[in-house]
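Please look over the model below before reading my notes. Keep it open beside the text as you go.

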Amino acid sequence: MNGPQLHLTFFQAGHNSLLNALHLHTGITATQLWPAAIILAVLLGYCAATDLRTGLIKNTAVSIVALGALITSFLIFANIGEHFMYAAIIIAVIFVLYIARVFAEGDLKLFSALALVFAQGTLVILIVAAFVLMLYGLPVAARQRIRARKEGKKAGMTKVPFGPAIAAAYPVTIYLAGATI
């Protein structure tokens, strides 16, 4: 069978290395990727902080993630076409979730930038982020609802920042993928 093949080894027991699922160039090791991983963690922390403080994820940080992924992917990944094919599929899935109002524009942009980095691994980040959001989001939403009712306001849906959940999902996902220090 010719053409891109679907490899979902990240999701299979015993083959859960994100680094294997992303098909790195021969000779690239996880140790060489740690500086980029740390930079990404700092950028995600910044996104989380600004989302908490202002309710917005800054485009500058998202642009740095996306541009960094685009520039370095040619050096890191063995099959760049397959990598970007997965990224495009994930971005389409994320866009559908955005249309369904699962998250806001900044979250859409951040997940899209992460798709350029992690391709199919972004689904794992999304699942972990959703779980993290439930852990801190439900109490936050409940407090917002109670406060609104006390103030005599209509207590409809509340908005909980997704940025912190995305930032928290990153190291958890890297750990679940089998990365070690």
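1. Ground rules. This is a predicted model, where local features need pLDDT of at least 70, side-chain atom pairs count only at pLDDT 80 or more, and totals for chains, interfaces and linings use all residues. Residues are numbered from 1 along each chain as its sequence is written, and side-chain values use heavy atoms, with hydrogens and water left out.

2. Overall build. The protein has seven helices and zero strands. From the N terminus, the order reads α-α-α-α-α-α-α. Helices (H or I, at least four residues) and strands (E, at least two) are DSSP runs, numbered from the N terminus.

3. Burial and surface. The protein has 181 residues, and 40% of them count as buried. Buried means under 20% relative accessible area, exposed over 50%, and partly exposed in between (1.4 Å probe, protein chains only). The accessible surface is about 10500 Å², and carbon and sulfur atoms hold 69% of it. These areas come from the Shrake-Rupley method with a 1.4 Å probe; for residues, only the protein chains shown count as cover.

4. Contacts along the chain. Take the contacts between residues at least 6 apart in sequence: 70% of them join residues at least 24 apart. Contact means heavy atoms within 4.5 Å.

5. Helix 4 against helix 5. How do you describe two packed helices? Use the angle between their axes and the distance between the axes. Helix 4 covers residues 80-99 and helix 5 covers residues 105-118; their axes come within 8 Å and cross at roughly 165°. Axes are lines fitted to C-alpha atoms, for helices over the stretch in contact, and angles run from 0 to 180 degrees between N-to-C directions. The two helices are therefore roughly antiparallel. The cut-offs are under 35 degrees for roughly parallel, over 145 for roughly antiparallel, 65 to 115 for roughly perpendicular, and oblique for the rest.

6. Who meets whom there. Helix 4 brings residues including Phe84, Ile91 and Phe95, while helix 5 brings residues including Leu108, Phe111 and Phe118. The residues of this contact divide into 13 nonpolar, two polar and one charged. Ala, Val, Leu, Ile, Met, Phe, Trp, Tyr, Cys and Pro count as nonpolar, Asp, Glu, Lys and Arg as charged, and the others, Gly among them, as polar.

7. Helix 4 against helix 6. These pack at about 30°, with axes 10 Å apart. That makes helix 4 roughly parallel to helix 6. Ile90, Val93, Ile94 and Leu97 in helix 4 meet Thr122, Leu123 and Leu126 in helix 6. The count is six nonpolar, one polar and no charged.

8. Two loop residues. Arg101 sits in the loop between helix 4 and helix 5. Its phi is near 65°, a positive value in a residue other than glycine. Ala119 lies in the loop between helix 5 and helix 6, and its phi is near 50°, also positive and not in a glycine. Are they buried or exposed? Arg101 is exposed, at 77% relative accessible area. Ala119 is buried, at 1%.

9. Asp107 is in helix 5 and counts as buried because its relative accessibility is 6%. Which residues does Asp107 contact, leaving aside neighbours within four places in sequence? They are Asp51, Ile57, Phe162, Gly163 and Ile166.

10. Phe131. This residue belongs to helix 6 (residues 122-150). Phe131 is partly exposed, at 47% relative accessibility. Its C-alpha atom is 8.8 Å from that of Ala169, 38 residues away along the chain.
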